[in-house]
Amino acid sequence: MKRYWPLIVVVFMSAIAAAALLAISPADTFKYLMVNFSGMFFLFLATLKFWDLKGFCQSFREYDLVAARFPMYGYIYPFLELLIAIGYLSHFFLPLVGIVTTILMVILAIGVFGALFKGKDLKCACMGTKLDLPLGVVSIVESLAMGVMAVLIVVHSF
């Protein structure tokens, strides 16, 4: 449980910030709670990756399908997360942000599942390299949960 504490803190802080941002959100509480949570969550995760971008890229390449083939993608990925965070927090064209998020999270979940299926014992780069979080089922659940939330945001945007 101790190894998962940083992830628990990020989820908790994202939830607190999302709830606080509801005070300035329109009437659709459920949608904007998801939007604000996703924005804060991606902001925290991007920030953690920027602390050791090179280390993140090396670790990420071990299990991400795109980064394994195109190593430069590992350097781009935290910026994509930052753009997603900005998109959610600014509520700017939420359907597009949700679609991009869904695609990224599905690709990530497939890569994590593949690494676990092969029996690789890796560190999860999702929290950057400064925190010791093992790559495991929690990594898949995190990616799929964010992907499902993104789909719900897209559906609620229409």
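Visitor: Where is His-91 found?

Guide: His-91 sits in the loop between α5 and α6. This is a predicted model, in which local features need pLDDT of at least 70, side-chain atom pairs count only at pLDDT 80 or more, and totals for chains, interfaces and linings use all residues. Residues are numbered from 1 along each chain as its sequence is written, and side-chain values use heavy atoms, with hydrogens and water left out.

Visitor: What makes a stretch of residues a helix here?

Guide: A helix is a DSSP run of H or I with at least four residues, a strand is a run of E with at least two, and both are numbered from the N terminus. The protein has seven helices and zero strands. From the N terminus on, the order is α-α-α-α-α-α-α.

Visitor: Why is His-91 called partly exposed?

Guide: Buried means under 20% relative accessible area, exposed means over 50%, and partly exposed is in between, with a 1.4 Å probe and protein chains only. His-91 has a relative accessible area of 26%, so it is partly exposed. His-91 also has a positive phi of about 60° although it is not a glycine.

Visitor: Why does Phe-93 count as exposed?

Guide: The relative accessibility of Phe-93 is 52%, and therefore it counts as exposed. Phe-93 lies in the loop between α5 and α6, and its phi is positive, about 40°, although it is not a glycine.

Visitor: Why does Lys-49 count as buried?

Guide: Lys-49 has 1% relative accessibility, so it counts as buried. Its place is in helix α2, residues 29-50.

Visitor: Which residues is Lys-49 in contact with, leaving aside its neighbours within four places in sequence?

Guide: A contact means heavy atoms within 4.5 Å. With those neighbours left aside, Lys-49 is in contact with Phe-56, Tyr-77, Pro-78, Glu-81, Ala-125, Cys-126 and Gly-128.

Visitor: What do the buried residues of α5 and of α7 pack against?

Guide: Those of α5 pack against α2, α3, α4, α6 and α7; among them are Tyr-77, Pro-78 and Glu-81. Those of α7 pack against α1, α2, α5 and α6, and they include Ser-139, Glu-142 and Ser-143.

Visitor: What is known of the largest pocket?

Guide: The largest pocket has a volume of about 150 Å³. Twelve residues line it, with Leu-7, Val-11, Phe-41, Val-138 and Glu-142 nearest its centre. Six of the lining residues come from α7, the largest share.

Visitor: How many residues of that lining are nonpolar, polar and charged?

Guide: Ala, Val, Leu, Ile, Met, Phe, Trp, Tyr, Cys and Pro count as nonpolar, Asp, Glu, Lys and Arg as charged, and the others, Gly among them, as polar. The pocket lining has eleven nonpolar, no polar and one charged.

Visitor: How many cavities of 30 Å³ or more does the structure hold?

Guide: There are two. The largest holds about 60 Å³ of space, and Tyr-77, Glu-81, Leu-108, Cys-126 and Glu-142 are the closest to its centre among its 13 lining residues.

Visitor: Why does the radius of gyration of the protein agree with that of a compact globule?

Guide: The radius is taken over C-alpha atoms, and the globule rule is 2.2 Å times the number of residues to the power 0.38. For 158 residues a compact globule would have a value near 15 Å, and the protein has 15 Å, so the two agree.

Note on methods. On a 1 Å grid over the protein atoms alone, a cavity is a set of points where a 1.4 Å probe fits but cannot get out, and a pocket is an open set with protein on both sides within 12 Å along at least five of seven lines; lining residues have an atom within 4 Å of a point. Grid points are joined across faces, edges and corners, and a volume is the space filled by probe spheres set on the points.
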